[in-house]
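Please keep the sequence and the structure in view while reading.

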Amino acid sequence: MNTKLQGLLLASALGATLAVLPACTINPATGGANVVMSSADGERETGQEMYDQFLAEGAFYEDPELQAYVDKIGQRLVAQSDMPKRVFTFAVIDAPEINAFATPGGFIYVNRGLIAYLNTEAELAGVIGHEIAHVTARHHGRRKTAGVTSKVLSTTAYVLTGSSAVYEASNMYGAELISGYGRDMELEADGLGAEYMYKAGYEPEALLDVIGVLKNQEQFMRLKAKAAGKSGTTYHGLYATHPRNDKRLQTVIRAANELDDGTYIESPEEPGEFRRMTDGLVWGESVEGQRADDRYYHNKLGFTIEQPEGWAITPGAQAVIASAPDGSASVTITLRRKDPATTPQLVLESSAKGTLRAGEALQQSGLDGYTAIAAAAGKDERLAVIHFGNLTYMFEAEAADFAASDAQLLALIQSFRAMHPKEKSSNNARYLRYVQVPRGADVGSLAASARIDDAEAQLRLINDFYPRGEPRTGDWIKVIQ
């Protein structure tokens, strides 16, 4: 996240966020605050405003494939939920903390820091299903706690600023950013989440594995906190014993298997997909570097492009879209695998619709490209193709007044280039990678080159070997590089 936002948002986010919170009233019987939602539409509007604020401040993790993967899992679970026709939105937050949370209106967020500790798609589905259940069970409207308003406020401020001072000041030490549900609601969310998992083809007991991973993290963090003279908890830190020994938890999760009516439900998991989607996940703090304020940077694909003042650039699973503030002009960037046997000009000419004119080669920052104006159905648009790495980038630029806007559109396309090393990172960025365990290696030897704090414990935690487990030769294991 852009570091220049830190000071500004730390001072203003709590006040600014008041506008996106649900209404709050005082319960005369308890003196506590009740979160009140007037309607499903009101909840959606509240959640949408919070989502838009996250988007505007760059809170989302820039990995369209991972974002689409999380959305695919989420929508599959929603289809099997108690609200199959309700609109749900899923997003990955660019934060290292182990957390996931739901906001009113069906908005589900998973931190990339939590994803790093999961080991299968079914486990990720368990996290998402649990958060969907908080929405379908209407826990936002049912929970009654005096601190809920300040906790949601400080959660939003924390996500937007990355400053632990915000939530530590609100007694939200560690990664337990959303609390107030209580054990009964958490158990209900576990039970419903397990039901949705089963109906979607996932093994419900994967949710026990997730909570076990989180319990291990909680135990590790408590040891660290005790050494530092603090105390702390983690996301879903409601179980006094390990989840495998919690009879009530096991009962509500395993009840999902009683839904078996003999109908075969095929598992949606594709071999190797979870590993492919999470390989290269940023570890620790967000990747930031020496970056210009007037440029957009795509961390995973490694490119940067000019961002005109007031323009919004939105990465998605299918395209990156740059749009003028009034919607009068836009540039859409899509990509495909590069064919080494062809040229940018041939790609453009073979894919363009309409009549081409004003074609010219692009030679920018060592990249080969080609651009032209295409006329079809009485409308002009600027097209371009640029080869970068193993990919071909396709540009489609249009405007309400094309003649007046074309120079700016062309300049934006010509600003496309690879990120410089100093732009990629200035904080010794680390990434999660998968390797196969060589003969004779153990967690200790694999951790020796990790160059992170508590390397051996962290490798055990992210691979579910905590506190003393070891991998087998040839196993795939996550490491930090």
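Which residue with a positive phi follows α5? In this predicted model, the residue is Arg-138, and its phi is near 55°. Helix α5 itself covers residues 121-136. Its 16 residues, at 1.5 Å a residue, should span 22 Å, and because the C-alpha atoms at its ends are 22 Å apart, the model agrees with that expectation. The helix is mostly covered, with 16 of its 16 residues buried.

The chain as a whole gives the setting for this helix. The protein chain has 17 helices and 18 strands. Of its 481 residues, 53% are buried. The accessible surface of the chain comes to about 21,800 Å², and carbon and sulfur atoms hold 50% of that area. Among contacts in the chain with a separation of 6 or more, 66% are between residues 24 or more positions apart.

Helix α9, residues 183-200, packs with helix α11, residues 247-254, at an angle of about 35°, and their axes are 7 Å apart. On the α9 side, the residues that meet α11 are Arg-183, Asp-184, Leu-187, Asp-190, Gly-191 and Ala-194. Their counterparts in α11 are Arg-248, Leu-249, Val-252 and Ile-253. Sorted by class, this contact has five nonpolar residues, four charged residues and one polar residue. An α-helix has 3.6 residues a turn, so residues three or four places apart point the same way.

Next comes a sheet. Three strands form an open sheet in the order β6-β17-β18, with antiparallel pairing. Its edge strands are β6 (282-283) and β18 (476-480), each of which pairs on one side only. Strand β17, residues 430-436, is joined to β18 by five bridges. In one of the pairings between strands, Leu-432 has Ile-480 in β18 as its bridge partner. Helix α17, residues 455-462, packs on this sheet and touches β6 and β18. The direction of α17 makes about 140° with that of β18.

The last stop is a loop residue. Where is Ser-365 found? Ser-365 is in the loop between β12 (355-364) and β13 (367-376). Is Ser-365 buried or exposed? Its relative accessible area is 57%, and because the cut-off for exposed is over 50%, Ser-365 counts as exposed. Ser-365 and Ser-415 are 50 residues apart along the chain, and their C-alpha atoms are separated by 9.1 Å.

Definitions and conventions
Residues numbered from 1 in each chain as written. Predicted model: local features only at pLDDT ≥ 70, side-chain atom pairs only at ≥ 80, totals over all residues. Heavy atoms only, no water. Axes fitted to C-alpha atoms, helices over the stretch in contact; angles between N-to-C directions. Helix = DSSP H or I, 4+ residues; strand = E, 2+ residues; numbered from the N terminus. Contact = heavy atoms within 4.5 Å. Nonpolar A, V, L, I, M, F, W, Y, C, P; charged D, E, K, R; others polar. Expected span 1.5 Å × (residues − 1). Buried < 20%, exposed > 50% of the residue type's maximum accessible area, 1.4 Å probe, protein only. Pairing = 2+ DSSP bridges. Areas by Shrake-Rupley, 256 points an atom, 1.4 Å probe, with all protein chains shown as cover.
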